Amino acid sequence: MDADLLPKTDSSRWRLYTNEEGVHCWTYLTEGANAVERPQTFAEKYFLGLPRPSKPPSVAQSYSDAARNGLLFYAQLQLEDGHWGSSYAGPSFTLPGIVFSLYITEGTILEEWAVDMTRWVCHHQNDDGGWGLHTLGESTLFGTVLYYVTLRILGMKATNVVAVKARDFIQRLAGGAALAPQWGRYWLSALNLYKWEGVQPVPSEMWQVILPSWVPIHPWRWWVQCRSVYLPVSYLYSNRCQMELNDLLLELRSELYCQPYDSVDFSAYLHNVCPLDRKRPINHFLSIANHFLRAWEWYIRPEWIHNRANTVVRDLIRREDENTSYNDIASVNKPFHTVAVHFSDGTRSQAVKMHHEKILPYLWRDEIGINVGGTNGAQFWDTAFSIIAIAGAGLGKDPQFCDILQKAHRFLEVSQFRKDLNDPFRQKRKGGWPFSTKDQSYIVSDCAAEGLKATLMLQEELGFDKIISTERLFDCVDTLLTMQNPDHGFGSYEKARVGTYVEMFNPAEIFDRCMVEYSYPECTTAVVTGLSMFRRHYPSHAQKQIEAVIQSATGYLKSSQRPDGSWYGSWGICFTYGTMFGLEGLAAAGLTYATSKEAQRACHFLVERQKDDGGWGEHWESCERREYVEHEKSQVVNTAWAVLGLMVARYPDRAVVARGLELIRHRQQPTGEWLQEAIEGIFNCTCTIEYPNYKFHFSIHALGRFEHDYVPAMNKLSK
Ligand code: LAN
């Protein structure tokens, strides 16, 4: 759909405010306020796609010049508090959740949000009238039902062409909303558009009453992203929470189904899901278990157990809310929490008010409209990588970038976790860093490790003041050392707490491998490189443990290498991303092209996939198909990853690297920037997510690293 045909807000009235810990708040100025308010910054204009002053830097003679020009542009996008911010859109279930939660809990959906969200959603509609699991996916019932209901709540008429096409998809091509996957049913049921009896049981008793926490399958052992969703959902399910019917909901009931709503036998759909949405085969084990669970609920469970479970779950919800300053872990559990708290405490409660206040940080105004990110941003992640890129590119000592590094350094300082939480379910986090903001509260292994590297580069290698004390670095290292998995790799948020057999209990049809914290080559490499750098500067702290972790984690990296030499990347697309990390991890253990068969195989994997124009281009479908799928066009970001991998491995043929860098330089605009190309990130193998700053910091890093590090190292090798 051409979004230009839809109403829009005035882009010149949007401002991005951040507090000093990087929390984003896009605000629309009331009419007439522009004159008194500050003018838009360069960064705001960039994010909004507005014309901006451009002073082209001098023409690049070398890759280092090109890196400098890139950084001169990128520096203008740094925000006041020192971090780099960006849109973080992709999944189709984030924006609907936020809108539904506001609707159910009587929160305010500002007029400007409604207009810009509508535009954004319409812009991403597929030609067949539907929406996929994510912005690039083929249409699914899940995506389409969620966005359809969202648009109607935001004020779109049922006769609008977008709605007509979407309805046609839902009813004619997908078989009607009765077939929605479980995660869609949770929302539809809370909205009173589905009956809870058609939802597979999510009993709240599993949180303590029937499953004490020592039981190996207790939810506290599941992957934190997953258990965080089932916590509030179990409250909604067990209490059959539904909002009151109103005229719009009655209309929706007649629009979403292929037969009159009252004649739908929802319980007959318990295990029946639209084939377009199914990413994993029917789970027969769970189908049988569900019948027992229903019998338990209907005939056996005494009332006191139900009440006790309610109290336990409400307390756990409060714990997560308070520990995360009401952000919750991501934009999936956040709106479910808001709704659960509304049903337990009442619409006018303080907790619901706090939830409403923390919705704004999830919204991002881009060129098209407003989207809702997968998390409340990628602030820390991008900032740590930007520092590493500037230092790695040899630009860290350039006086013109001293100020931006100082600001970024300050952001590292304020973002570090100084205390552990008093919560037995939470991973130790002291000294670590988050993915987005400190107030979100969750440590991620690789974010902590990249933060450690960025700090060491600034404080030990570039001579910046030690505003992060040595003790605080020790805290980070000590915490990282607690996060290694039994297979010697590192996962994302926590050390793995249970075996993969728990996948048997996964009721979500749209995601596979989401119940357990697995090990990832990316996270493992980040920790290995972080610890290696740390011990160069502080050789006596935790010497033995660090040595043991580096050794064993390198073993994990070797064992996770695929026979073709690549590593599967779980968070970026895909083998190019994974292989860059794999090579970096090996290099940290001294294994490079000259010394290691593994490094050679990985380099050959990359070199064989270089395109004729010198670049690399990988399609996101690699992640789903689990084999390299070439993108028809070279991508700057894939190219930067590939050459960074080759350079760190000291790949002997410089010409191969130079041809990749040539492509990156060629794609650089006269302003020094790179334009947005294909999407960069992924999760759960199926759902893409954007990382718009990757085109900057990875390109700058790759270009600068050539002369600063790779060529001198190669010259030394050849002597
Ligand atoms: C992220 C984003 C960042 C990402 C990296 C730091 C890049 C990675 O190296 C470790 C894992 C992590 C932290 C990660 C985990 C899963 C997230 C939180 C996301 C991809 C962003 C959105 C996604 C989350 C799971 C979305 C909710 C969906 C569910 C299936 C619950």
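## Around the ligand

The shell around the ligand splits into 15 nonpolar residues, four polar and one charged. Here Ala, Val, Leu, Ile, Met, Phe, Trp, Tyr, Cys and Pro count as nonpolar, Asp, Glu, Lys and Arg as charged, and the others, Gly among them, as polar. This is a predicted model, so local features need pLDDT of at least 70 and side-chain atom pairs 80 or more, while totals for chains, interfaces and linings use all residues. Residues are numbered from 1 along each chain as its sequence is written, and side-chain values use heavy atoms, leaving out hydrogens and water.

In total, 20 residues surround the ligand (a heavy atom within 4 Å), and the closest are Y88, Q225, F435, D446 and Y493. The protein covers 100% of the 630 Å² of accessible area that the ligand has on its own (Shrake-Rupley method, 1.4 Å probe).

## Helices and overall form

Two helices, α8 (224-238) and α16 (445-461), each give at least two residues to that shell. The protein chain has 25 helices and eight strands (DSSP runs: H or I, at least four residues, for helices; E, at least two, for strands; numbered from the N terminus). Along its principal axes, the C-alpha trace spans about 80 × 60 × 45 Å.
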